[in-house]
Amino acid sequence: MNEYDSLIIRNMLQKEGFLLTDSPEKADIVIINGCVVREKPENKEIELLKYYKHRGKFVIAAGCLAQKDKDALLAFSDLVIGPMDYDDIGTLIGKHGAFTDYSKHRDRFYRYAKDRMEVSFSEYVTIMTGCDNFCSYCVVPFTRGREKSRSAKDILEEVENLTKRGTIEITLIGQNVNSYFHEGVDFKDLLDKVARLGVRRIRFTTSHPRDISPAVFDVMARYENIMPWLHLPLQTGSTRLLKEMRRGYTTEEYLYIVNTARKMVPDIVISTDIMVAYPTETEEDFEDTLRIVKEVQFDYAYMFIYSPRKPSSAYYRYKTQIPRDIAVKRHRLLVDTVQRIVTEKRKKMIGRTYEIMIDGHSKKNPDLSRGKTRGNITVVVNKNIPEGEILEVKIVDVIGATPVGEPI
Ligand code: SF4
């Protein structure tokens, strides 16, 4: 979401006559559009703001970072602009103050989004912002505000414009895409409408296990251009902790959704987010998480250690945290378990053929290309192929957990 917002801000400012530089050192204005979901990146963003302010730049703290701690940020930022105030960013430059009214709508921002100057083969399109769920550990409802769905007409226009200009992959994004609703159009309807526009590859993220319905899987199964990939955050395999976290589903319900998706959407790839060491997590709770991980056999997972985030309710509710050494040990065990599962699953890809879209170079060897399968699994290809090209590859090897493919 931040990547998309940064791209549109860049476009807005360029259209208003500002020039881009290839390095912040050369710039007069530096914007840090920061995420605060985790503590570590937030601290890094604050360091960057201080660093560029110290070097005499006009410094703007933007995004969730701005919304979370505007008063503290004003001590070392010229401007603090929340995610719903980007409409005015051009006119605010040069002023000093905090602009963080998240009840606003981003009309101008979305107009720029529809008509963006830079267009790539793969683009994000925001369909909704904010969240009404208030999961106990999360700051999003406080930084992005309540849920706001964008009009389907607006979204479809943006998708159409992008495809006319060469985009072949669209990812519909929002904090909780499944709760999209605007003037009678829900998420399954919107997905159906986007698919009919004929975009070559369509993805969406992030889904919420409580809000996704089999009707979405039905649409996914009907359209060849909706990619068979579902990112479905689990968070924990303990139903007791899911309740503490206010997630709104049990582990049994989560398993039911996964099984339904697998029955309805052929070859669907399922990824997830899991946290360990949420306050009060016992060994039994953690064992439940390992059990669900083994049962679901995720295709990949983002795993992290809980960190208290102000002003989430968990930040105020729990006076003690899981000791760091236990948290690290559980995280290590979880990562090892997931990696074993993922490696086994990747090995089963050997000998099979996959359609991939090239999206860059291999991180380890720039002479090799890297692409994503329809299920969003990264494959390295033994050849230098331009970005945006779609080709069939046969998987010939797996290095670590990365499949290696040869073009057919
Ligand atoms: S659904 Fe996601 S964005 Fe919304 S409060 Fe929960 S974790 Fe945060």
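## The loop between α11 and α12

In this predicted model, R246 is found in the loop that runs between α11 and α12. R246 is partly exposed, because the 14 other C-beta atoms within 10 Å of its own fall between the limit of 12 or fewer for an exposed residue and that of 20 or more for a buried one.

## Helix α12

Helix α12 is formed by residues 251-264, 14 residues in all, and from its first C-alpha to its last it reaches 20 Å, close to the 20 Å expected at 1.5 Å a residue. Its buried residues are T251, Y254, I257, V258 and A261.

## The surroundings of the ligand

The residues around the ligand are C131, N133, F134, C135, C138, V140, P141, Q175, N176 and H208. When this shell is sorted by class, it has 6 nonpolar and 4 polar residues, and no charged residues.

One of the residues around the ligand, F134, also has a backbone feature of its own, for its phi is positive, at about 50°, although F134 is not a glycine. F134 belongs to the loop between β6 (128-129) and α7 (140-143). With 13 other C-beta atoms within 10 Å, F134 is partly exposed.

## Two cis peptide bonds

The peptide bond that joins T205 and T206 is cis, with an omega of about 10°.

Another cis peptide bond leads from K310 to P311, and its omega is near 5°. The place of P311 is in the loop that lies between β14 (300-305) and α14 (313-317).

Terms used
Residues numbered from 1 in each chain as written. Predicted model: local features only at pLDDT ≥ 70, side-chain atom pairs only at ≥ 80, totals over all residues. Helix = DSSP H or I, 4+ residues; strand = E, 2+ residues; numbered from the N terminus. Expected span 1.5 Å × (residues − 1). Near = placed C-beta within 6 Å. Nonpolar A, V, L, I, M, F, W, Y, C, P; charged D, E, K, R; others polar.
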